[in-house]
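Trainee: Could you walk me through how to read a model like this one? I'd like the general idea each time, then the case in hand.

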Amino acid sequence: MSKQNQWIVGVNAVASAIENDADNVREVLVEGGSKNARLTEIEENARRKGIDVRRVTGQALDGVAGALRHQGVAARYAAAKTWDEGELQGLVEAAEGKALLLVLDGVQDPHNLGACLRSAAGAAVTAVVIPKDKSVGVNATVRKTSAGAADRIPVVQVTNLSRCLRDLQQLGVWIYGLAGEAEASLYSLDLRGNVALVLGGEADGLRRLTREHCDGLVKIPMPGEIESLNVSVAAGVTLFEAVRQRQ
């Protein structure tokens, strides 16, 4: 497990960190004089859990938050557990034949990654897999955009995505990549078993080696004039088709 201190900001991100991972919240800064009931709730919950709370000026919070909107609260946080790729096997096996994995091949916008994690948490995914290179990690912006989802699901950073996909296949996981030029429709797939859904990055989509390690490529049918969806929207559409089939 690797951890490093970082600042997380915003009501949802701080509240989620306190609720789900209080041991790693080092201190909470709350804007003094605020009448926001959510901030009062966060402060009381932090104190109940033995976390140091300081009331500070809005200017001090601006300095911590940088370009992010802090909403009157920030927390110094030892970043959440980084899941090792060796733990994927245990996660898949624990799902007992119904593992649902989201693999993101090179998503570089932290807002997109945060939105993908939020959809993944809503769909109760087994894990989200991201490569260590050419991909954004779970930083403060991702945590804020995810509205707490980054605390709720395993995010596994892997050194070699192609090797990881091969390992998943050996565990009985079917790998399906989304590609706009594919002929098969997402809605033709059986997504009820062990499945990994692979989406590419914002600019280039799926990389060549990633495509080659997929069991099949499918597309989301687009009857309108727009040729592609934002990766976070596509992730939501894809994951919740799997949810629909599994109900």
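Trainee: Which backbone nitrogen lies 3.2 Å from a polar atom of the side chain of Ser-146?

Mentor: First, the ground rules. This is a predicted model, where local features need pLDDT of at least 70 and side-chain atom pairs count only at pLDDT 80 or more, while totals for chains, interfaces and linings use all residues. Residues are numbered from 1 along each chain as its sequence is written, and side-chain values use heavy atoms, with hydrogens and water left out. A polar contact is a pair of N or O atoms within 3.5 Å; within protein, one must be able to donate a hydrogen and the other to accept it, and residues adjacent in sequence count only if both atoms are side-chain atoms. Here the nitrogen belongs to Ala-150.

Trainee: Where is Ser-146 found, and is it buried or exposed?

Mentor: Ser-146 is in the loop between helix 6 (140-145) and strand 7 (155-158); helices (H or I, at least four residues) and strands (E, at least two) are DSSP runs, numbered from the N terminus. Buried means under 20% relative accessible area, exposed over 50%, partly exposed in between (1.4 Å probe, protein chains only). Ser-146 has 1% relative accessibility, so it counts as buried. Leaving aside neighbours within four places in sequence, Ser-146 is in contact (heavy atoms within 4.5 Å) with Gly-114, Leu-117 and Arg-118.

Trainee: Now helices. Why do some residues point the same way?

Mentor: An α-helix has 3.6 residues a turn, so residues three or four places apart point the same way. Take helix 2: its buried residues are Leu-39, Ile-42, Glu-43, Asn-45 and Ala-46. Seen down the helix 2 axis, they fall within an arc of 165 degrees (from the directions from the axis to the C-beta atoms), so they line one face. The face turned away from that buried side carries exposed Ala-37 and Arg-48.

Trainee: What covers the buried residues of helix 2?

Mentor: The cover includes helix 1 (11-21), strand 2 (25-31), strand 3 (52-56) and strand 4 (73-78).

Trainee: And what should I look for at the ends of helix 2?

Mentor: At the start, a side-chain oxygen of Asn-36 reaches to within 2.8 Å of the backbone nitrogen of Arg-38. Just after the helix, Gly-50 takes a positive phi of about 80 degrees.

Trainee: Zooming out, how many helices and strands does the chain have?

Mentor: The chain has 9 helices and 11 strands. Buried residues make up 49% of its 247 residues.
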